[in-house]
Amino acid sequence: MTDGFQLLPVAAPGSTPVRVMTIAGSDSGGGAGIQADLRTFALLGLHGCVAVTAVTVQNSLGVSGFQEIEPATVAAQIRCVTEDIGISAAKTGMLASAPIIDAVVAQCRESGIGGDTGTPLVVDPVCASMHGNQLLADSALDTLRDNLFPLATVVTPNLDEVRLITGIDVVDADTQREAAKALKDLGPAWALVKGGHLRSSDRSPDLLYDGSEFIELTHERIVTPHDHGAGDTLAAAIACALAHGYPVPDAVGFAKKWVTRGLAAAYPLGGGHGPVNPLWRVGDQVL
């Protein structure tokens with residue numbers, strides 16, 4: 001049941017689907033990170049490829065540790081996939097450190113990912129978990145801003161990440177616009193300031209900006225404590241739509257509907273926050 005929501009095209013059985021890559025960390029609890037990305041990729045009919053940047057130790061209550069992957073290994077994952085399989089879009093999530101960010105940037109440039117003419121790149125600048133656990137070293141913030149953002153087709157920070165990256169505390173529509181301008185000044189083609197945590201609104205107002213035009217995208221606010229992986233899911237869905245050739249505003253609008261539907265279907269898990277649930281997509285078939 002799609003509730004009037006137009007999903008992406010799905011390849012016929014036996015034919016090769018559109019391919020997309022996530023460059024991100026693994027979530028042992030299965031709610032966020034590459035696990036959330038791959039769920040969205042698969043349920044939207046795309047083949048997901050992976051470059052793992054870190055292995056986290058986490059559950060529904062929080063992150064208790066993580067182990068970074070060697071930067072050269074992260075880059076090699078991107079290189080071997082793009083040389084053989086090919087991708088139509090990519091997204092980043094948890095990158096953990098400045099050396100990993102630099103390795104990703106260098107390999108993206110070599111592989112033609114990001115920039116004005118490259119494969120679309122969605123940058124979800126994961127700096128902290130939803131529980132407040134820091135997932136990006138302070139020393140890496142400058143590397144993120146200076147080196148990765150200029151490659152991005154669109155950046156998708158939440159409000160806590162906006163504060164870390166720009167120093168702007170978004171509390172209303174005016175500061176949301178100020179933050180969008182500051183993010184755009186860092187070099188991405190488009191900046192998305194998500195408003196899911198903007199409690200001054202009874203809706204969920206996202207703001208998209210390309211340097212000349214503000215596009216407001218609002219949807220009903222889903223009140224649930226089970227929103228783990230919402231940012232990952234949104235960015236993954238944007239990447240899927242971009243891989244299908246959607247313009248950025250249409251891709252973001254599609255992804256916002258996708259994650260809103262996933263929030264409405266979210267479920268409890270463990271003793272903390274449960275995950276956004278894109279499994280609604282197959283609910284009718286499995287019940």
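The protein chain holds 9 helices and 9 strands. Helices (H or I, at least four residues) and strands (E, at least two) are DSSP runs, numbered from the N terminus. This is a predicted model: local features need pLDDT of at least 70, side-chain atom pairs count only at pLDDT 80 or more, and totals for chains, interfaces and linings use all residues. Residues are numbered from 1 along each chain as its sequence is written, and side-chain values use heavy atoms, with hydrogens and water left out.

**Overall fold**

- Along the principal axes, the C-alpha atoms fill a box of roughly 50 × 45 × 40 Å.
- Of the 287 residues, 52% are buried. Buried means under 20% relative accessible area, exposed over 50%, and partly exposed in between (1.4 Å probe, protein chains only).
- Take the contacts between residues at least 6 apart in sequence: 69% of them join residues at least 24 apart. A contact means heavy atoms within 4.5 Å.

**Helix 3 against helix 4**

- Two packed helices are described by the angle between their axes and the distance between the axes.
- Helix 3 (residues 98-111) and helix 4 have axes that come within 9 Å and cross at roughly 10 degrees. Axes are lines fitted to C-alpha atoms, for helices over the stretch in contact, and angles run from 0 to 180 degrees between N-to-C directions.
- The two helices are therefore roughly parallel to each other. Angles under 35 degrees count as roughly parallel, over 145 as roughly antiparallel, 65 to 115 as roughly perpendicular and the rest as oblique.
- Helix 3 contributes A98, I101, D102, V105 and R109 to the contact, and helix 4 contributes T143, L144, N147 and L148.
- These residues divide into 5 nonpolar, 2 polar and 2 charged. Ala, Val, Leu, Ile, Met, Phe, Trp, Tyr, Cys and Pro count as nonpolar, Asp, Glu, Lys and Arg as charged, and the others, Gly among them, as polar.
- T143 sits in helix 4 (residues 141-148). At 11% relative accessibility, T143 counts as buried.
- Leaving out residues up to four places away in sequence, T143 touches A98, I101, D102 and L148.

**Salt bridges**

- Side chains of opposite charge can pair when their charged atoms come close.
- The structure holds 6 salt bridges. The criterion is a side-chain nitrogen of Lys or Arg within 4 Å of a carboxyl oxygen of Asp or Glu.
- K91 pairs with D37, with the closest N and O atoms 2.9 Å apart. K91 is in strand 4 (residues 90-92) and D37 in helix 1 (residues 33-43), so this bridge ties together parts that are 54 residues apart in sequence. Both residues are buried.
- K256 pairs with D206 at 3.1 Å between the closest N and O atoms. K256 belongs to helix 8 (residues 248-264) and D206 to strand 8 (residues 203-209), so the pair links parts 50 residues apart in sequence. K256 and D206 are buried.
- D160 and R163 meet in a salt bridge of 3.0 Å, N to O. They are 3 residues apart in helix 5 (residues 159-166), which means a separation of about one helical turn.
- D160 is partly exposed, at 44% relative accessible area. R163 is partly exposed too, at 37%.
- A network of salt bridges links D160, R163 and D169.

**Three alanines**

- A182 lies in helix 6 (residues 173-184). At 23% relative accessibility, A182 counts as partly exposed.
- A182 touches T166 and I168, not counting residues up to four places away in sequence. The C-alpha atoms of A182 and V162 are 9.3 Å apart, and the two residues are 20 residues apart along the chain.
- A42 is in helix 1. A42 is exposed, with a relative accessible area of 52%.
- A42 and G112 are 24 Å apart, C-alpha to C-alpha, and 70 residues apart in sequence.
- A96 is in the loop between strand 4 and helix 3. A96 counts as buried at 2% relative accessibility.
- The phi angle of A96 is near 75 degrees, a positive value in a residue other than glycine.
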